[in-house]
Amino acid sequence: MNNQFRFVQTPKISKSHIGYKTNRWKTFFKSPYNIILFATLILFLTLGIIALFLENEPFKNQKTLRLDENILPLGQNTLKTIKYGGAKEENQITLEIFANLQKYNVPYEIKETIFGQNLVFSQSDYIKALYGNHVFLFGTDSFGKDVFVDSLQQFIISVGISAGIFSVELIFGLYIGIYLAWKTQNPFTKISLKMMNVLLAIPDIIMMIVVVVFIRNIYFIYIFVFLTGLIRMIYWAYQYSLQELNSNFIDALWSQNVSLHRIIYKHITFRILGRILILFIRRIGYIIFLIATLDFIGVPISYNVAITLKNNWVDRDLNPAKIIFPTLFLFVFLVDLQFLAIRIAKVLDNFKQ
């Protein structure tokens, strides 16, 4: 039987997404995975901030005779062995330690070896007898600092400096890169791109070493790190923006007389931000270690977790926790940050501007 009727298809109404508003944060937090990543990031940062208000040198005003160094985690006992000359001993530190052992009734033993006598006693018993009961979660480092508190302090300061530099790079780099892409035929843009191509070919550390030969001011170094990152940010923002500016979507915005600044801030920025974050979020860790490398050539660098790792590496066998804890903490944080950037990029890519 021939069908004499033709059913008309219901017309599909295509809504323009120009001006369409949706809460990006709400979309992002719909995923439990994103919530876990974000909560982990907040936890790490919170621990670091709290550590800033804690004392990292518990024996700072005490005369510990270096017996507060490399204490093992959670009060584990460590036997200290010191050369002892008996009645002929002239070393004042050794004599003072021996006097304290007798004064505070700390158990000790004098052992005979082929090289002479050794004074053997418990490090934890000595500290407890003289300065009270102290239990350190990850022990102390080679300077008598609490590994847990000091590592968190170095971590939050290092990340704060790096994240601050990265944030300024991101803000200025995105805007300048998008603007240059819009002015791609401008002679100034062409000259700028040629200069950036040359500068990008030179490793950051080489340029930094050349600069610190003449200037060793830490703030100038931060500014220089910012400039090297800014060049890279501008270059990639420019490349990604070229694709977007040639899209039909941007043509539609121009046809509706949307202003340039609105196109940059409201549309192109969010269209390329995800890709920029994936590419550059690891720069936070890169900046930490880039600045730390200057310590090897004598530049006085302080408050850097990478330098703390370097200092603790020498006698790591005395307390392995002073290497393991800060390394794992920084590693987990940077990996979490990278995955978070990927998840944010996914939300932005699926989001209709």
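1. Asn70 is found in the loop that runs between helix 2 (32-51) and strand 1 (79-84); helices (H or I, at least four residues) and strands (E, at least two) are DSSP runs, numbered from the N terminus. Although Asn70 is not a glycine, its phi is positive, about 55°. Asn70 counts as buried, at 8% relative accessibility (buried means under 20% relative accessible area, exposed over 50%, partly exposed in between, with a 1.4 Å probe and protein chains only).

2. A word on the ground rules. This is a predicted model, in which local features need pLDDT of at least 70 and side-chain atom pairs count only at pLDDT 80 or more, while totals for chains, interfaces and linings use all residues. Residues are numbered from 1 along each chain as its sequence is written, and side-chain values use heavy atoms, with hydrogens and water left out.

3. Tyr303 also deserves a look: its phi is positive, about 55°, although Tyr303 is not a glycine. Its place is the loop between helix 11 (283-293) and helix 12 (305-313).

4. The UniProt annotation "domain: ABC transmembrane type-1", from an unreviewed entry, covers residues 155-341; UniProt positions are given in the numbering used here, feature names are shortened, and annotations may be inferred rather than shown by experiment. Over residues 155-341 the chain is 80% helix and 0% strand, with the end C-alpha atoms 20 Å apart.

5. Now to the rings. Rings of Phe, Tyr and Trp (its six-membered ring) pair if their centres lie within 6.5 Å; planes under 30 degrees apart count as stacked, over 60 as edge-to-face and the rest as tilted. By this rule there are 19 aromatic pairs. One of them joins Phe98 and Tyr108 edge-to-face, at 5.4 Å centre to centre and 75° between the planes. Phe98 lies in helix 3 (residues 92-103) and Tyr108 in strand 2 (residues 108-113), so the pair ties together parts ten residues apart in sequence. Phe98 is buried at 14% relative accessibility, whereas Tyr108, at 33%, is partly exposed.

6. Phe325 and Phe329 make a tilted pair, 5.6 Å centre to centre with 50° between the planes. Both lie in helix 13 (residues 321-350), four residues apart, about one turn of the helix. Phe325 is buried, with a relative accessible area of 11%, and Phe329 is buried at 9%.

7. Finally, a charge: the charged end of Arg316 sits over the ring of Trp313, 4.1 Å from its centre (the rule asks for NZ of Lys or CZ of Arg within 6 Å of the ring centre and within 35 degrees of the ring normal).
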